[in-house]
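Welcome! Take a look at the sequence and the structure below, and then let us walk through some of the ring-shaped side chains together.

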Amino acid sequence: MSKLERKTVLSVIALMVAFGTASWAQQTQPAASKEPMTLRRLFARADKNGDGKVTKAEAKGPLPITHASFEQIDTDKRGWISFDQFMAFTNKRVDKQADDILTQWDKF
């Protein structure tokens, strides 16, 4: 596969993962809300006290993957994560998922 083809496929996969994440996020919000769930809103939903930080306990319900990976995300070991740390982790996950799919695809 050429570099251009790989880049195109990676972009398509990243969009598919992003739309899949958005779809999952919309399924987890209350039925009364009609606004699309964004990553910022997901983070804010987990931030129960509104201090701009999410602790492992706060992540448990609304952010199960973040909760399970909390120690990996909380790189400075403060006991909470910022939105920037949450976004960096999310972006790494999307990139890894896309790479995993491409690696599997290269085998065919």
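## An aromatic cluster

In this predicted model, Phe43, Phe83 and Phe86 come together as one aromatic cluster. The model has 3 aromatic pairs by the ring-centre rule. One of them joins phenylalanine 43 and phenylalanine 83, whose ring centres are 5.5 Å apart with 75 degrees between the planes. Planes over 60 degrees apart count as edge-to-face, and this pair is edge-to-face.

Where do the two partners sit along the chain? Phenylalanine 43 belongs to helix H2 (residues 39–46), while phenylalanine 83 belongs to helix H6 (residues 83–106). The pair therefore ties together parts that are 40 residues apart in sequence.

## Charges over rings

Next, let us look at arginines. Arginine 40 lies over the face of phenylalanine 83, at 3.9 Å from the ring centre. That ring belongs to the cluster of Phe43, Phe83 and Phe86.

Elsewhere, arginine 78 places its charged end over the ring of tryptophan 80. The distance to the centre of the tryptophan 80 ring is 3.7 Å.

## A leucine in a loop

Which loop holds leucine 63? Leucine 63 is found in the loop between helix H3 (56–59) and helix H4 (64–68). With a relative accessible area of 5%, leucine 63 is buried.

Leaving aside residues up to four places away in sequence, leucine 63 touches Leu42, Ala46 and Phe86. One of these contacts, Phe86, is a member of the aromatic cluster. Leucine 63 and phenylalanine 43 are 20 residues apart along the chain, and their C-alpha atoms are separated by 7.9 Å.

Definitions and conventions. Residues numbered from 1 in each chain as written. Predicted model: local features only at pLDDT ≥ 70, side-chain atom pairs only at ≥ 80, totals over all residues. Heavy atoms only, no water. Phe/Tyr/Trp six-rings, centres within 6.5 Å; stacked < 30°, edge-to-face > 60°. Helix = DSSP H or I, 4+ residues; strand = E, 2+ residues; numbered from the N terminus. Lys NZ or Arg CZ within 6 Å of the ring centre and 35° of its normal. Buried < 20%, exposed > 50% of the residue type's maximum accessible area, 1.4 Å probe, protein only. Contact = heavy atoms within 4.5 Å.
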